Amino acid sequence: MSHVQQITVLGATGSIGLSTLDVIARHPERYAVFALSGFSRLAELEALCLKHRPRFAVVRDEQAAELLSGGLQSAGLSTEVLIGESGLCTVASHPQVDTVMAAIVGAAGLKPTLAAVEASKKVLLANKEALVMSGDLFMQAVKHSGAVLLPIDSEHNAIFQCLPNNYANGLESVGVRRILLTASGGPFRETPLEQLAHVTPEQACAHPNWSMGRKISVDSASMMNKGLELIEACWLFNTRPAKVEVVIHPQSVIHSLVDYVDGSVLAQMGNPDMRTPIAHALAWPERIDSGVPPLDLFAVARLDFQAPDEVRFPCLRLAREAADAGGTSPAMLNAANEVAVEAFLQRRIRFNEIPSIIEDVLSTQPGVAVEGLATVLEADRVARSLAEQWLTRRG
Ligand code: NAD
Ligand code: MG
């Protein structure tokens, strides 16, 4: 490798952002941090800037910018502090950047991630909501710009590793029968159904195998995460929802599988640690050390598989319906889910009301055809407003 890769980490203070910086710091001869962004944890962002000495940092508003600039200047750092969505788009598309880690959570990541794609960057996609919202537009932008899009979501990274290079023309053309998307089933896989109305945000965020941000932890508990991943897989691998089967695999050691027409089933395995897909995508097509310990198969001992239960997990059905409906339905599903998850985290609603809100929004306002980014953003706005109305009616 000739030059040190300049990397922007969007969402640097989050779970994926921190894991990315951990891998980057193991390979100073390969990677340098060009920009870091953070939304709320300013002290953490400052500490990350002191350690990684980026050229730019991006924060949410003027006040945060003043605080951060002051701290960095007194430490002798010349990091320039930018603000808000325009700042995020600037560091995502800057001519000196090679690679962008898109690790903002939720719809807030859409525009900066698209900016990186449109600027032909190597884009490491953790922010699945961006792709779920804008699917076809996003993939068209990848095609037109020549951006290199690599999946960070462990399942999609696993599928990518199990596919041949030339899958882009359709999975049938490379002999794939179906994709098997694994799911741990989350913390409530075996909780008696009547207790789901009483589970707390703390219980929902205590994932049995993965340590993640709060929003994706709740999504994992409701299995909306798997629903979003089903939609994500269809766009990334140019396939239909019917070709993607969800398999509950509680040990989270097989990260997904590809089933071929000759009966071969290829799986990617490893410890449940996001540094593996991050290192894979950072170095691709090479391999580098990620800091993840080797998989101890004797400690794993057994691998279990079950079919998902859509009565227990209605979010999975809702996501499949939105995927089949297409148009703006996935963007509306995502927006309604973001509002519902936030309301659950704030203890305004019960856990099992999350799917009720989403179902109400999607049945009140069905999706329409996507004509451009404006259609997607409008669908996002309408779905959020309908979800808020549901919350107001509930009281
Ligand atoms: P997190 O909550 O730990 O971090 C989110 C990051 O986004 C933080 O840096 C935060 O400051 C920033 N952010 C939040 N709201 C923002 C806003 N409105 N504007 C700008 N920045 C904002 O989340 P995470 O677990 O790191 O997940 C990040 C993304 O990666 C999500 O889309 C998630 O679905 C995906 N993902 C995460 C994991 C995981 O193991 N954590 C695995 C697969 C995919
Ligand atoms: Mg995943």
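User: Which helix gives the most to the lining of the largest cavity?
Analyst: That is α7, which contributes 3 residues to the lining of the largest cavity; please keep in mind throughout that this is a predicted model.

User: And which elements each supply at least two residues there?
Analyst: For the largest cavity, α7 and α11, the latter spanning residues 275-283, each supply at least two residues of the lining.

User: OK, which residues line the largest cavity, by name?
Analyst: The lining of the largest cavity is made by S154, N157, Q161, W210, H255, Q268, N271, D273, T276 and P277. By class, these residues divide into 2 nonpolar, 7 polar and 1 charged.

User: How much space lies in that largest cavity, and how many cavities of 30 Å³ or more are counted?
Analyst: The largest cavity holds about 50 Å³ of space, and the count comes to 1 cavity of 30 Å³ or more. As background, rolling a probe the size of a water molecule over the atoms shows where empty space is left.

User: Switching to pockets, what volume does the second largest pocket have?
Analyst: The second largest pocket has a volume of about 740 Å³. Its lining consists of 27 residues, and those closest to the centre of the pocket are M139, L149, Y167, A168 and L236.

User: Where does the largest share of that pocket's lining come from?
Analyst: The largest share of the lining of the second largest pocket comes from α6, with 5 residues. At least two residues each are supplied by α6 (128-145), β7 (148-151), α7 (154-162) and α10 (224-236), and α7 also gives residues to the lining of the largest cavity.

User: How do the lining residues of the second largest pocket divide into nonpolar, polar and charged?
Analyst: In the second largest pocket the lining comprises 18 nonpolar, 5 polar and 4 charged residues.

User: Now the surface: which residues make the nonpolar patch?
Analyst: M269, L297, L303 and F305 together make a nonpolar surface patch of about 360 Å².

User: Where is M269, and why does it count as partly exposed?
Analyst: M269 is in strand β11, which covers residues 265-269. M269 counts as partly exposed because its relative accessibility is 36%, and that value falls between the 20% and 50% cut-offs.

User: Backbone next. Which peptide bond is cis, with omega near 5°?
Analyst: The peptide bond running from W284 to P285 is cis, with omega near 5°, and P285 belongs to the loop between α11 and α12 (297-300). For context, most residues other than glycine have a negative phi, and most peptide bonds are trans.

User: What is phi of R53, and what about A301?
Analyst: Phi of R53 is near 50°, and phi of A301 is near 65°; each is a positive value in a residue other than glycine. R53 is in the loop between α2 (42-52) and β3 (56-59), whereas A301 is in the loop between α12 and α13 (314-325).

User: Is R53 buried or exposed, and is A301 buried or exposed?
Analyst: R53 is exposed, having a relative accessible area of 54%, and A301 is exposed as well, with a relative accessible area of 66%.

User: Last one: where does E190 lie, and what separates its C-alpha from that of G263?
Analyst: E190 lies in the loop between β8 (176-183) and α8 (201-205), and E190 counts as exposed at 61% relative accessibility. Between the C-alpha atoms of E190 and G263 there are 32 Å, the two residues being 73 residues apart along the chain.

Terms used
Residues are numbered from 1 along each chain as its sequence is written. Chains are lettered from A and ligands numbered from 1 in the order in which they are written. This is a predicted model: local features need pLDDT of at least 70, side-chain atom pairs count only at pLDDT 80 or more; totals for chains, interfaces and linings use all residues. Side-chain values use heavy atoms; hydrogens and water are left out. Patches are made of residues with over 30% relative accessible area and no salt bridge: like charges are joined within 9 Å, nonpolar side chains (Val, Leu, Ile, Met, Phe, Trp, Tyr) within 5 Å. Accessible areas come from the Shrake-Rupley method with a 1.4 Å probe; for residues, only the protein chains shown count as cover. A salt bridge is a side-chain nitrogen of Lys or Arg within 4 Å of a carboxyl oxygen of Asp or Glu. Helices (H or I, at least four residues) and strands (E, at least two) are DSSP runs, numbered from the N terminus. Buried means under 20% relative accessible area, exposed over 50%, partly exposed in between (1.4 Å probe, protein chains only). On a 1 Å grid over the protein atoms alone, a cavity is a set of points where a 1.4 Å probe fits but cannot get out, and a pocket is an open set with protein on both sides within 12 Å along at least five of seven lines; lining residues have an atom within 4 Å of a point. Grid points are joined across faces, edges and corners, and a volume is the space filled by probe spheres set on the points. Ala, Val, Leu, Ile, Met, Phe, Trp, Tyr, Cys and Pro count as nonpolar, Asp, Glu, Lys and Arg as charged, and the others, Gly among them, as polar.
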